[in-house]
Amino acid sequence: MPAQHDIAAETELWDAFTASAFKDDAEPGFCWTQYAGHGPGPELLGDPRSVLEIGCGTGRALAHLAERGIAARGVDLSPVMVEKTTAKWAGTGAEFVCSEVLEYLSDHEDAYDAVYSIFGAAWFTDPGRLFPLVRRRLRPGGVFAFSQPPAIPGAYGPQGMYKGGFAGKAMFTYRYSYRPAVWERLLTRAGFATADARILDAPHPGHIGTLLVRAVAP
């Protein structure tokens with residue numbers, strides 16, 4: 001994630017993204033990959049009674065879990081997105097909080113059975129800072145799972161990206177990319193008992209796969 005003084009710029013970036021990402025006719029749905037109906041579902045989380053989604057975006061996955069009786073809370077940096085998701089999914093019981101994820105995990109003492117990210121904060125946050133905080137927020141045996149695109153071969157670590165093209169206001173973010181074995185090492189070093197990272201092939205040959213990572217707290 002950007003340094004503290006860059007949070008305002010990062011928030012502006014995600015507020016701009018919200019207008020195109022959120023659709024009023026969206027329905028609850030849980031999918032780890034970028035392809036509808038492809039790959040595993042929420043069973044990767046185990047059988048949690050409480051979950052926290054970091055970088056919850058449009059809130060569809062969180063609403064899906066809340067409708068199944070799970071205490072579901074999501075954290076997102078964009079106040080515009082949180083306002084929209086709160087209004088959209090109020091009837092499901094899902095709760096949405098506007099906060100920077102590292103600040104939220106540091107300042108709040110609530111514990112969860114599962115923490116997860118779907119193309120969300122686990123992709124945009126320095127794992128050296130994020131993973132130990134997630135570990136502290138999990139109950140014993142709790143699950144941390146996340147998905148995102150796999151690393152481009154040879155392009156590892158933080159990857160800078162401008163938003164909205166290369167003309168106009170300089171809005172940018174960082175994404176973190178590593179080989180699966182490195183993700184596993186980062187998680188076990190952060191105190192997780194087990195970690196498994198793999199790349200799920202796309203449903204069509206030659207298309208971009210999905211990195212799926214699952215770690216379990218001791």
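Me: Which residue in E5 does Val115 stand opposite?

Reply: In this predicted model, Val115 stands opposite Phe144 in E5.

Me: What makes strand E1 (residues 50-54) a partner of E4?

Reply: The cut-off is again at least two bridges; E1 and E4 are joined by 3 bridges and run parallel, therefore they also count as paired. Within this pairing, Glu53 stands opposite Tyr116 in E4.

Me: Why is strand E4 (residues 112-118) called mostly covered?

Reply: A residue is buried when its relative accessible area is under 20%, and 7 of the 7 residues of E4 are buried, which means that each of the 7 falls under that cut-off.

Me: What makes up the lining of the second largest pocket?

Reply: The lining consists of 15 residues, and those nearest the centre of the pocket are Trp123, Pro149, Pro150, Ile152 and Ser177. Strand E6 (157-162) and strand E7 (172-177) each supply at least two residues of this lining, with E6 giving the most, namely 3 residues. The space in the second largest pocket is about 310 Å³.

Me: How do the residues of that lining divide into nonpolar, polar and charged?

Reply: The lining holds 10 nonpolar, 4 polar and 1 charged residues.

Key:
Residues numbered from 1 in each chain as written. Predicted model: local features only at pLDDT ≥ 70, side-chain atom pairs only at ≥ 80, totals over all residues. Heavy atoms only, no water. 1 Å grid on protein atoms, 1.4 Å probe; cavity = no way out; pocket = protein on both sides within 12 Å on 5 of 7 lines; lining within 4 Å. Points joined across faces, edges and corners; volume = space filled by probe spheres on them. Helix = DSSP H or I, 4+ residues; strand = E, 2+ residues; numbered from the N terminus. Nonpolar A, V, L, I, M, F, W, Y, C, P; charged D, E, K, R; others polar. Buried < 20%, exposed > 50% of the residue type's maximum accessible area, 1.4 Å probe, protein only.
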